[in-house]
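Here is a short report on one protein chain. Keep the sequence and the 3D view open as you read.

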Amino acid sequence: MKKLLTVLATAAIFATGAKAATILVGTDAGYAPYEYKDPKTNEIVGFDIDLIKAVAKATGNEAKIQNMQFAGIIPALQANMIDVAAAGMTITPERQKQVSFSDPYYDVGGLIMAVHSKNVDKYKHMNDLEGKRVCAQIGSTGALLAKEIKDAKLVAFDQTGEAFMELKMGGCEAVLVDKIVTEFYLAHRAEKDIVLVPHLYTHKQNGFAIAKGNEKMLKTINDGLKAIRASGEYDKIYAKWFGKAPEKK
């Protein structure tokens, strides 16, 4: 039944007269496991990357990945330098004023606070960071959350890894970052100096960003998402990167 749905969905896409094309995809390859450079091959890989490539393929197109700084992704969309952003981008009201978003493709467990192991008893809640230096990636939801902390000073970096290094060196008291990103970072680096504060501060969804007014591309991406969900390809990609199948709603 799923295969039949996929065939029908793909047929419907081609029936609209859509022609195969290269979809230019902007990402910031420093946000594992969503997108990062494989240290062995230097190839950009990750959950978002596999997903957008599958979406493009399902609509008869090809995704070409371009690496750039996260803060420059929305301007690049607005200037039509790229077609789509696949960058672990959380859908927020502020960003929706600037770009359009595809249907959500991932439920973000929430932002967490990462602190140095020596301060694990000192910082247990975001309010404990009042007046302190807080690290986050430029333009991220973590940076937005940091600005809500009374008298806190935001120390922003291009890459999340740089924020973690600043934390280790004592340049800030905590990093506000996606829970999955932090767990992946800690697991692959055998990191002992950084620990997670278990409280989650937000629960949001990620989406692919498209320039406002580009309804054709928005439809293509949403059609592709529907097709790979129907075929089971989405579930395979999800399980590859998160070690389990997504929860069914």
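## An aromatic cluster

Start with the rings. Y31, Y34, F47, Y105, Y106, F208, Y234, Y238 and F242 form one aromatic cluster. Rings of Phe, Tyr and Trp (its six-membered ring) count as a pair if their centres lie within 6.5 Å; planes under 30 degrees apart are called stacked, over 60 edge-to-face, and the rest tilted. A search of the whole structure gives 16 aromatic pairs. One of them joins Y234 and Y238: the pair is tilted, with 6.1 Å centre to centre and 40 degrees between the planes.

Where do Y234 and Y238 lie? Both are in helix α9 (residues 233–242), 4 residues apart, which is about one turn of the helix. Helices here are DSSP runs of H or I with at least four residues, strands are runs of E with at least two, and numbering starts from the N terminus. Y234 counts as buried at 4% relative accessibility. Y238 is buried too, with a relative accessible area of 11%. Buried means under 20% relative accessible area, exposed means over 50%, and partly exposed is in between (1.4 Å probe, protein chains only).

## About the model

This is a predicted model, in which local features need pLDDT of at least 70 and side-chain atom pairs count only at pLDDT 80 or more, while totals for chains, interfaces and linings use all residues. Residues are numbered from 1 along each chain as its sequence is written, and side-chain values use heavy atoms, with hydrogens and water left out.

An unreviewed UniProt entry annotates residues 22–244 as "domain: Ionotropic glutamate receptor C-terminal". UniProt positions are given in the numbering used here, feature names are shortened, and annotations may be inferred rather than shown by experiment. In the model, the span 22–244 is 34% helix and 26% strand. Its end C-alpha atoms lie 31 Å apart.

Strands of a sheet pair through backbone hydrogen bonds, either parallel or antiparallel. Here 3 strands form an open sheet in the order β2-β3-β4, and the pairing is antiparallel. The edge strands are β2 (30–31) and β4 (44–45), each pairing on one side only. Two strands pair if DSSP finds at least two bridges between them. β2 and β3 (residues 35–37) are joined by 2 bridges. G30 has Y36 in β3 as its bridge partner.

Now look at the loop between β2 and β3, where P33 sits. The peptide bond from A32 to P33 is cis, with omega near 5 degrees.

## Salt bridges

How many salt bridges does a search of the whole structure find? It finds 5. A salt bridge is a side-chain nitrogen of Lys or Arg within 4 Å of a carboxyl oxygen of Asp or Glu. D103 and K226 form one, with the closest N and O atoms 3.4 Å apart. This pair links distant parts of the chain, 123 residues apart: D103 is in the loop between β7 (99–101) and β8 (106–108), and K226 is in helix α8 (residues 215–231). D103 is partly exposed at 32%. K226 is partly exposed at 49%.

Other salt bridges sit within a helix. E183 and K179 meet at 2.6 Å, N to O. They are 4 residues apart in helix α7 (residues 179–189), so about one helical turn separates them. E183 is partly exposed at 31%, and K179 is partly exposed at 28%. In helix α8, K219 and D223 are also 4 residues apart, about one helical turn. Their closest N and O atoms are 2.6 Å apart. K219 is partly exposed at 44%, whereas D223 is buried at 18%.

## A buried charge

D48 lies in helix α2 (residues 47–58). D48 is buried yet has no salt bridge. Lys and Arg count as positive and Asp and Glu as negative; His and the chain ends are not counted. The nearest side chain of opposite charge, R95, is 10 Å away.

What does D48 touch, not counting residues up to four places away in sequence? The contacts (heavy atoms within 4.5 Å) are Y34, E35, A86, A87, G88, Y105 and F208.

## Two positive phi angles

N80 is not a glycine, but has a positive phi of about 60 degrees. N80 sits in the loop between α3 (73–78) and β6 (84–85) and is exposed at 61%.

D151 has a positive phi near 60 degrees and is likewise not a glycine. D151 is in the loop between α5 (141–146) and β11 (153–157). At 61% relative accessibility, D151 counts as exposed.
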